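Student: I have a structure to go through. Can you help me see how its labels are decided?

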Amino acid sequence: MKSLICKKPFEMNYADVEMPSVQEDEVLVKVVAVGICGTDIHAYSGNQPFFSYPRVLGHELCGHITAMGKEAEDEGEFIIGDKVALIPYVACYECPSCKSGKTNCCENISVIGVHRDGGFSEYISVPKNNILKVNDVDNNTVALIEPFAISAHGVRRAQLRKGEHVLVVGAGPIGLGATCDCR
């Protein structure tokens, strides 16, 4: 399969790579749409902390399940062909934070497209816990779910009240999503 690999800052190359294997708790996803995040731009320009090269970037994506590991298949939540969005933050589920239900504070968290290879590939294998079924949403919109979820989360946390004014700094997808979500 083909992957777009960021070899080092300011150098990206298409390469033929092996198809990813699927572990027991994973699904194989054929990527059909992928967004370019500020994280990807920072990695490309060499300004992404906690980043190592070479790396396949991309974590805002839409794809279709093409294979499943036994555990993922046995649960029956997904079927081959389901359209899915990616949750890029992979928790360990073993540390104290994960065991207390705070997977966002995982001591061993890894981010798809940053710490592990991402979606600028034809296929990506991801944990079943890191996908959302979105069969009735068009492909390009699915690729925007992750950045718009960040916008919505920020607006909810701000607990805005009618008549309050806010300043949104940045007109990228997350900033635009925050301005659209402000009521």
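Student: Leaving aside neighbours within four places in sequence, which residues is Glu26 in contact with?
Tutor: Ser21, Met68, Gly69, Ala72, Ser125, Val126, Pro127 and Lys128. Contact means heavy atoms within 4.5 Å. A word on the source: this is a predicted model, where local features need pLDDT of at least 70, side-chain atom pairs count only at pLDDT 80 or more, and totals for chains, interfaces and linings use all residues. Residues are numbered from 1 along each chain as its sequence is written, and side-chain values use heavy atoms, with hydrogens and water left out.

Student: What makes the link between Glu26 and Ser125 a polar contact?
Tutor: Their side chains are joined at 2.9 Å. A polar contact is a pair of N or O atoms within 3.5 Å; within protein, one must be able to donate a hydrogen and the other to accept it, and residues adjacent in sequence count only if both atoms are side-chain atoms. So 2.9 Å passes the distance cut-off. The Glu26 side chain also reaches the backbone nitrogen of Gln23, at 2.9 Å.

Student: Why does Glu26 have no salt bridge?
Tutor: The nearest side chain of opposite charge, Arg116, is 5.0 Å away. A salt bridge needs a side-chain nitrogen of Lys or Arg within 4 Å of a carboxyl oxygen of Asp or Glu.

Student: Why is Cys37 called buried?
Tutor: Its relative accessibility is 12%. Buried means under 20% relative accessible area, exposed over 50%, partly exposed in between (1.4 Å probe, protein chains only). So Cys37 counts as buried. Cys6, at 0%, is buried too.

Conventions:
Lys, Arg positive; Asp, Glu negative; His and termini not counted.
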